Amino acid sequence: MSKAIIDIDDPRLVKALAHPIRVRVMGLLEQRSMSPKEMARELDVPLERLSYHVRALRDFGFIELERKSQVRGAVEHHYRAAARPRISADAWQDMPDIVKEAMTGANLGQLNDVISRAAAQGKFSRPESYLSRRPILVDEEGFRQVSAIITEALERIAAIEKGAGKRIRRGAAQEVPAVVVAMLFDAPEPEPKRSRTGTRRTDRPQSTKPSLP
């Protein structure tokens, strides 16, 4: 059985996950197994296109075949996530910016969809639910320390999930599907202020350098 979290050091594996459809497929398969036909319907993507990305994820080892089933005379393959990939800092640093942007955008899009649906369905009503945003001011060393704490927390959560899975499988507990989100990023620049006319302006002083003739 694959570990709950895998560090990805190979830049080729990072690129394999950079496509938005592959990120969404991984999200679907986190909770249950699905066939390409089911995933194509869920994501509103043509089956042929979806199957191509499923094969790529399988070949790279991110998903695996769980079972086969007969449906109207045809054989359907049902896949599940083999691991929850975590990209190492070194591999992420070596990635081209365009790949980083594609992967970040895909993940944030999926995350926004999950959070919006959870909020609309009242999934934050449990007393133990947690939603917090905390701006912090640290130096480079402090940033690395915070990152290490988040990494350790995710590893501990993976261990907790493993223990819970054993209890669920032997019938000693009922499963509680949940989502954990961890983020750490450089704070964005403030939005430019708007003038009374509605146009954007900044607080920077205007240049006094004369224009060239």
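At what angle do helix α3 (residues 36-43) and helix α4 (residues 47-59) pack, and how far apart are their axes? The angle is about 115° and the axes are 9 Å apart. Axes here are lines fitted to C-alpha atoms, for helices over the stretch in contact, and angles run from 0 to 180 degrees between N-to-C directions.

This is a predicted model, in which local features need pLDDT of at least 70, side-chain atom pairs count only at pLDDT 80 or more, and totals for chains, interfaces and linings use all residues. Residues are numbered from 1 along each chain as its sequence is written, and side-chain values use heavy atoms, with hydrogens and water left out.

**Overall layout**

The chain has 7 helices and 6 strands, where helices (H or I, at least four residues) and strands (E, at least two) are DSSP runs numbered from the N terminus. Along the sequence their pattern is β-α-α-α-α-β-β-β-α-α-α-β-β. Of the 213 residues in the chain, 23% are buried; buried means under 20% relative accessible area, exposed over 50%, and partly exposed in between (1.4 Å probe, protein chains only). Among contacts in the chain with a separation of 6 or more, 58% come from residues 24 or more positions apart. Contact means heavy atoms within 4.5 Å.

Two packed helices are described by the angle between their axes and the distance between the axes.

| Helix pair | Angle | Axis distance |
|---|---|---|
| α3 and α4 | about 115° | 9 Å |
| α2 and α4 | roughly 75° | within 10 Å |
| α2 and α3 | roughly 110° | within 11 Å |

The crossing of α3 and α4 is right-handed. A crossing is left-handed if the near helix is turned anticlockwise from the far one by less than a right angle, and right-handed if clockwise. From α3, the residues P36, K37, M39, A40 and L43 meet L47, L50, S51 and V54 of α4. This contact of α3 with α4 divides into 7 nonpolar, 1 polar and 1 charged residues. In these classes Ala, Val, Leu, Ile, Met, Phe, Trp, Tyr, Cys and Pro count as nonpolar, Asp, Glu, Lys and Arg as charged, and the others, Gly among them, as polar.

Helix α2 (residues 20-28) also meets α4. The angle makes α2 roughly perpendicular to α4, a label for angles of 65 to 115 degrees; under 35 counts as roughly parallel, over 145 as roughly antiparallel and the rest as oblique. I21, R22, V25 and M26 of α2 touch R49, L50, Y52, H53, A56 and L57 of α4. By class, the contact of α2 with α4 holds 7 nonpolar, 1 polar and 2 charged residues.

α2 and α3 are likewise roughly perpendicular to each other, and their crossing is right-handed. Here R24, V25 and L28 in α2 meet M39, E42 and L43 in α3. The contact of α2 with α3 has 4 nonpolar, no polar and 2 charged residues.

**Single residues**

D44 sits in the loop between α3 and α4. D44 is not a glycine, yet has a positive phi of about 55°. D44 counts as exposed because its relative accessible area is 70%.

H78 belongs to strand β3 (residues 74-81) and is buried, at 5% relative accessibility. The side chains of H78 and S69 form a polar contact of 2.9 Å. A polar contact is a pair of N or O atoms within 3.5 Å; within protein, one must be able to donate a hydrogen and the other to accept it, and residues adjacent in sequence count only if both atoms are side-chain atoms. Leaving aside neighbours within four places in sequence, the contacts of H78 include S33, M34, E38 and R67.

L17 lies in helix α1 (residues 11-17) and is buried, with a relative accessible area of 5%.
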